Amino acid sequence: MTLQCINPKDLPIPQTYSQVVVATGSKLVFISGQEPEDLDGKLVGRGDLATQAHQVFANLGRALAAAGAAPRQVTRITIYVVNYNRDVCLPIIEKARVGLFGDHKPADVVLGVASLSPDYLIEVDAVAVID
């Protein structure tokens with residue numbers, strides 16, 4: 001599997017994601033939205049975006065591993081955030097994201113939403129390409 005991460009010179013260069021990802025491989029993996037839940041399905045970090053973001057990205061890593069995929073094979077993620085305020089939320093989310101992806105920068109979308117499950121502040125889904 002090959003990923004080519006591209007940041008065109010005529011677009012802003014993001015710190016934690018790529019503007020374009022070109023993937024070549026033989027198997028697509030679609031990961032459902034991962035929520036801030038522990039193994040028992042219980043909410044982790046009520047009211048705490050940092051704790052919930054850490055849990056969501058940890059759960060995403062486990063889901064990828066179950067499919068035989070690694071974080072470096074993720075091409076795109078979608079991040080849903082309740083009451084999204086870019087200046088407040090993005091640094092918290094980026095810290096949790098780097099915990100899973102390191103310096104790999106899949107394409108992403110961050111969406112502010114009115115609500116998720118009660119007291120859930122963040123959810124993340126993903127697409128990966130593997131051989």
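**The whole chain**

Begin with everything displayed as a cartoon, and keep in mind that this is a predicted model. The protein has two helices and six strands, and, read from the N terminus, these elements follow the order β-β-β-α-β-α-β-β. The C-alpha trace spans about 40 × 35 × 20 Å along its principal axes. A compact globule of 131 residues would have a radius of gyration near 14 Å, and the protein, with 14 Å, agrees with that. If you colour by accessibility, 40% of the 131 residues count as buried. Among contacts between residues at least 6 apart in sequence, 74% join residues that are at least 24 apart.

**Helix α1**

Next select residues 49-66, which form helix α1. This helix has 18 residues and reaches 26 Å from its first C-alpha to its last, close to the 26 Å expected at 1.5 Å a residue. At its start, show the side chain of aspartate 48, where an oxygen comes to within 3.1 Å of the backbone nitrogen of alanine 50. Beyond the other end, just after α1, glycine 68 has a positive phi of about 80°.

Now show the side chains of the helix and look for those that are buried, among them Leu49, Val56, Phe57, Leu60 and Leu64, but also Gln52, Gln55 and Asn59.

**The aromatic pair**

Select phenylalanine 57 and phenylalanine 101. A search of the whole structure finds one aromatic pair, and it is made by these two rings, whose centres are 6.4 Å apart and whose planes stand at 80°, so the pair is edge-to-face. Phenylalanine 57 belongs to α1 and phenylalanine 101 to helix α2 (residues 86-101), so the pair ties together parts that are 44 residues apart in sequence. Both phenylalanine 57 and phenylalanine 101 are buried.

In soluble globular proteins, nonpolar side chains tend to be buried together. To see this here, select Phe57, Leu60, Ile77, Ile79, Ile93, Ile122 and Val124, which are the residues with the most contacts inside the largest nonpolar core, a set of 26 residues. The elements that give two or more residues to this core are β3, α1, β4, α2 and β6, and the largest share, seven residues, comes from α1.

From this group, centre the view on isoleucine 77. Which residues does isoleucine 77 touch, leaving out those up to four places away in sequence? They are Phe57, Leu60, Arg97, Phe101, Ala107, Asp108, Val109, Val124, Asp125 and Ala126, a list that includes both rings of the aromatic pair.

**Two loop residues**

Finally, move to the loop between β4 and α2 and select asparagine 83. Its phi is near 50°, a positive value in a residue other than glycine, and at 61% relative accessibility asparagine 83 counts as exposed.

The last stop is aspartate 119, in the loop between β5 (107-113) and β6. Here too phi is positive in a residue other than glycine, with a value near 70°. Is aspartate 119 buried or partly exposed? With a relative accessible area of 40%, aspartate 119 is partly exposed.

Definitions and conventions
Residues are numbered from 1 along each chain as its sequence is written. Side-chain values use heavy atoms; hydrogens and water are left out. Rings of Phe, Tyr and Trp (its six-membered ring) pair if their centres lie within 6.5 Å; planes under 30 degrees apart count as stacked, over 60 as edge-to-face and the rest as tilted. Helices (H or I, at least four residues) and strands (E, at least two) are DSSP runs, numbered from the N terminus. Buried means under 20% relative accessible area, exposed over 50%, partly exposed in between (1.4 Å probe, protein chains only). The expected span of a helix is 1.5 Å times one less than its number of residues. A polar contact is a pair of N or O atoms within 3.5 Å; within protein, one must be able to donate a hydrogen and the other to accept it, and residues adjacent in sequence count only if both atoms are side-chain atoms. A nonpolar core is a set of buried Ala, Val, Leu, Ile, Met, Phe, Trp, Tyr and Cys residues joined through side-chain atoms within 4.5 Å. Contact means heavy atoms within 4.5 Å. The radius of gyration is taken over C-alpha atoms; the globule rule is 2.2 Å times the number of residues to the power 0.38.
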